[in-house]
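Me: Could we go through this model together? I have a few quick questions.

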Amino acid sequence: KLRVDGEGANADAQDNDVVGNILFSGYDDGTPSTQDYGSIVTSVADATSGQEAGKMEFQVAEYDGTVTTGLKLDGDTNANGEVDVTIAAGAASTTTVAGDLAITGDITSVGDDVSVGDNILLTSASGVIQFTGTAGGGGEGVQYKDAGGGNRYGLIFPGSDVVALGNRASNGTVE
């Protein structure tokens with residue numbers, strides 16, 4: 001049991017109170033000077049009696065020595081039995097999963113491109129791929145790489161309620 005700030009005191013907690021902090025410090029190769037390399041911080045997400053929720057952050061020093069949260073576990077403050085997880089910091093961060101990734105819910109947001117190394121398999125009885133860009137006419141479609149490495153449309157959505165199949169030969173002729 002780790003307690004800080006008010007050990008043994010019987011006082012009402014407030015949201016965002018830090019209730020535990022483990023700091024990992026060492027020296028850099030300069031003078032040398034002290035450097036914080038990581039920490040584990042636990043705080044109060046919601047102090048409301050009967051609805052208590054906590055937040056735990058795993059932090060590590062990044063490029064300039066700033067200690068930044070890379071993994072955050074956040075007890076849900078409005079629903080029982082839920083813990084939200086945030087992984088990585090910054091859009092350029094890389095999150096690597098070794099082995100399989102099993103998702104039991106929905107993928108609700110993807111920043112930009114998704115690259116799949118092998119096949120995409122739809123295993124549900126109602127498996128659907130849906131394009132919801134600009135409702136046609138905005139360049140939506142399914143592309144493939146031709147023999148020269150160029151992207152070509154095989155399935156095109158050129159306008160509202162229009163679907164076309166295409167195969168453009170190397171001479172530019174649509175077949």
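Me: Which residues form the nonpolar patch on the surface?

Reply: V97, L101, I103, I107, V110, V114, V116, I120, L122 and I129 form that patch, with about 990 Å² of accessible area together. A patch here takes residues with over 30% relative accessible area and no salt bridge, joining nonpolar side chains (Val, Leu, Ile, Met, Phe, Trp, Tyr) within 5 Å and like charges within 9 Å. A salt bridge would be a side-chain nitrogen of Lys or Arg within 4 Å of a carboxyl oxygen of Asp or Glu, and the areas are Shrake-Rupley values with a 1.4 Å probe, for which only the protein chains shown count as cover.

Me: What should I keep in mind about the source?

Reply: This is a predicted model, in which local features need pLDDT of at least 70 and side-chain atom pairs count only at pLDDT 80 or more, whereas totals for chains, interfaces and linings use all residues. Residues are numbered from 1 along each chain as its sequence is written, and side-chain values use heavy atoms, with hydrogens and water left out.

Me: Why does I120 count as exposed, and where does I120 lie?

Reply: I120 counts as exposed because its relative accessibility is 62%, where exposed means over 50%, buried under 20% and partly exposed in between (1.4 Å probe, protein chains only). I120 lies in the loop between β5 (83-87) and β6 (140-145), strands being DSSP runs of E with at least two residues and helices runs of H or I with at least four, numbered from the N terminus.

Me: How many helices and strands are there in the protein chain?

Reply: The protein chain has zero helices and eight strands, and 13% of its 175 residues count as buried.

Me: Changing topic, which peptide bond is cis?

Reply: The bond from T31 to P32 is cis, with omega near -5°, and P32 is found in the loop between β1 (18-27) and β2 (34-46). Most peptide bonds are trans, and most residues other than glycine have a negative phi.

Me: What about phi at N16 and A88?

Reply: N16 is not a glycine, yet has a positive phi of about 75°, and its place is in the segment before β1. A88, also a residue other than glycine, has a positive phi near 80° and lies in the loop between β5 and β6.

Me: Are those two buried or exposed?

Reply: N16 counts as exposed, at 57% relative accessibility, whereas A88 is partly exposed, with a relative accessible area of 25%.
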